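Hello,

Here is the structure for your files. My notes on it follow below.

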Amino acid sequence: MAFPNERPRRLRTTPALRQLVAETTLHVDDLVAPLFVAEGLSAPNPINSLPGQFQHTVPSLLAEARELYARGIRSLILFGVPASKDELGSGAYDPNGIAQVALRTLRDEFGDDMVIMADLCLDEYTSHGHCGIVRSDGTVDNDATLELYAKTAVVQVQAGAHIVAPSGMMDGQVAAIRRGLDEAGATDTAILAYAAKYASGLYGPFREAVGVEIANGGNRRTYQQNPANRRESLREARADVEQGADIIMVKPAMTYLDVVADLRRELDVPLCAYHVSGEYAMIKAAAANGWIDGEAVALEQLLAVRRAGADFVLTYFAKEIAEVLQR
Ligand code: PBG
């Protein structure tokens, strides 16, 4: 042996010692809980493919947020599910749309004690399920969409969002939203940009959660990134930071840890990753079969996201893991 005195196992002998020399930690402050609120429900509706997650009514959303708060979670991201959808996704920027109603309720309840983020996109609100305006030839119109994103951002902030999180992957979206917010006087509102967002098969359960089906068997490959590309994420993220993104995100998480590590190394803004619906569902399904220890795998994956360089993680495990971390 080259180093006969090196015995790494010495530092693994007790739990306290292992924790002392741990290079990475996972804390409840590192977790953001995604929540869904749906219009027109009389009771919360369980999401089949996301066991433990619900389409909430406004009152059940509030109850869930209180429970998260009691477990130490101080940040959530809200998705709205409207009762009816249209070509232009008008529910997204309706001041009385479901997300705005819920944002007002949350902000009234928590004030500044909880970081309230609003996912900013049109797909939950459009009849065709795309994240932007669709032209007659079926393509997504980038620049026409930007105006609606800016409008949505302003309405979300007026309703109480501390942070808006554009997830539509239109070019120039951060600049358009920044301009819209500044013109509305919301110069202090931060933008969390879904900067590197891949066209992933892992969003399946989310689409059940928000009732999105993309028209004509379509997909998002003309705006979300090709999973084959790594360098491209750096370009996407730099562009977002130049346009005014305050925080950047990589999504999904586990399949793109190389991208998380790249962005951590190259950029100095806060960085997060979204452990998405399919990642949660895979763990839940395998655990339900008794094939893995779901809690152990969830902890391992969330820690891996931190190890790769993310400051925090958006995860459907937030509530469950907060409880484990408090033990
Ligand atoms: C788009 C959006 C999606 C998710 C978050 N924002 C779906 C998509 O891009 O198709 C997915 C989140 C998840 O899978 O957990 N508004």
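Asparagine 216 sits in the loop between α6 (204–209) and α7; helices here are DSSP runs of H or I with at least four residues, strands are runs of E with at least two, and both are numbered from the N terminus. The phi of asparagine 216 is near 55°, a positive value in a residue other than glycine. Asparagine 216 counts as exposed because its relative accessibility is 82% (exposed is over 50%, buried under 20%, partly exposed in between, with a 1.4 Å probe and protein chains only).

Please note that this is a predicted model, in which local features need pLDDT of at least 70 and side-chain atom pairs pLDDT 80 or more, while totals for chains, interfaces and linings use all residues. Residues are numbered from 1 along each chain as its sequence is written, and side-chain values use heavy atoms, without hydrogens and water.

Methionine 169 also has a positive phi, near 60°, and is not a glycine. Its loop runs between β8 (163–166) and α5 (173–183). Methionine 169 has a relative accessible area of 6%, so it counts as buried. The peptide bond from lysine 251 to proline 252 is cis, with omega near -10°, and proline 252 is in the loop between β10 (247–251) and α8 (257–266).

Serine 233 belongs to helix α7 (residues 231–243). With 0% relative accessibility, serine 233 is buried. Its side chain makes a polar contact of 3.1 Å with the side chain of glutamine 225 (a pair of N or O atoms within 3.5 Å; within protein, one must be able to donate a hydrogen and the other to accept it, and residues adjacent in sequence count only if both atoms are side-chain atoms). Beyond its neighbours within four places in sequence, serine 233 is in contact (heavy atoms within 4.5 Å) with Ala196, Tyr198, Gln225, Val259 and Leu263.

As for the whole chain, there are 11 helices and 12 strands. Of its 327 residues, 54% count as buried. The C-alpha trace spans about 70 × 45 × 40 Å along its principal axes. Among contacts between residues at least 6 apart in sequence, 76% join residues at least 24 apart.

Regards
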